[in-house]
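Please read it with the sequence and the structure at hand.

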Amino acid sequence: MLLLSGSSQTSPFHCLSGKTTLLDAIAGYKTSGHLSGDIKVNGIAKDDGIWRSIAGYCEQVDLHNPSMTVIESLIFAARMRLR
């Protein structure tokens with residue numbers, strides 16, 4: 001996924017809430033509230049074990065080294081998760 005955005009049917013402005021909650025739920029990081037329904041990837045039910053081995057998730061509160069490029073930051077984060 002490259003971009004997640006939405007808009008309200010009653011407003012021409014972009015929707016500013018809900019996107020982080022959706023990504024938290026998909027990644028399995030949502031720990032409060034109540035979730036219901038199925039999460040599917042390409043029409044197949046998401047398997048948490050497989051998902052965590054092939055996908056990474058960087059939360060909004062993650063801190064990054066300001067002297068690293070975006071690519072360097074992503075590679076660093078991926079390497080740390082693979083250990």
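**Helix packing and overall layout**

The buried residues of α1 pack against α2 (48-54). This is a predicted model, in which local features need pLDDT of at least 70 and side-chain atom pairs count only at pLDDT 80 or more, while totals for chains, interfaces and linings use all residues. Residues are numbered from 1 along each chain as its sequence is written, and side-chain values use heavy atoms, with hydrogens and water left out.

**Fold and surface**

- The protein has three helices and two strands; helices (H or I, at least four residues) and strands (E, at least two) are DSSP runs, numbered from the N terminus.
- Read from the N terminus, the order of elements is α-β-β-α-α.
- Of the 83 residues, 8% count as buried, where buried means under 20% relative accessible area, exposed over 50%, and partly exposed in between (1.4 Å probe, protein chains only).
- The accessible surface is about 7400 Å², and 59% of that belongs to carbon and sulfur atoms; the areas come from the Shrake-Rupley method with a 1.4 Å probe, and for residues only the protein chains shown count as cover.
- Among contacts with a separation of 6 or more, 30% are between residues 24 or more positions apart; a contact means heavy atoms within 4.5 Å.

**Confidence**

- The average pLDDT of the protein is 75, and 77% of the residues score at least 70; pLDDT is the predictor's confidence in each residue, from 0 to 100.
- Confidence is lowest in α1, with a mean of 79, and highest in β2, at 88.
- Where pLDDT is low, the predicted coordinates should not be read in detail.

**Helix α1 and its end**

- Helix α1 spans residues 19-27, and its buried residues are D24, A25 and A27.
- D24 lies in this helix and counts as buried because its relative accessibility is 14%.
- Leaving aside residues up to four places away in sequence, D24 touches Y29, K30 and Y57.
- G28 follows α1 and has a positive phi, near 85 degrees.

**The strand loop**

- N42 sits in the loop between β1 (40-41) and β2 (44-45).
- The phi of N42 is near 55 degrees, a positive value in a residue other than glycine.
- N42 counts as exposed because its relative accessible area is 79%.

**The salt bridge**

- The structure holds one salt bridge, defined as a side-chain nitrogen of Lys or Arg within 4 Å of a carboxyl oxygen of Asp or Glu.
- K46 and D48 form a salt bridge, with their closest N and O atoms 3.1 Å apart.
- K46 is buried, with a relative accessible area of 17%, whereas D48 is partly exposed, with a relative accessible area of 43%.

**Helix α3**

- S73 is placed in helix α3, which covers residues 70-82.
- S73 counts as buried because its relative accessible area is 12%.
- Not counting residues up to four places away in sequence, S73 touches H64 and M68.
- L74 also lies in helix α3, but L74 is exposed, with a relative accessible area of 55%.
- L74 and H64 are 10 residues apart along the chain, and their C-alpha atoms are separated by 9.7 Å.
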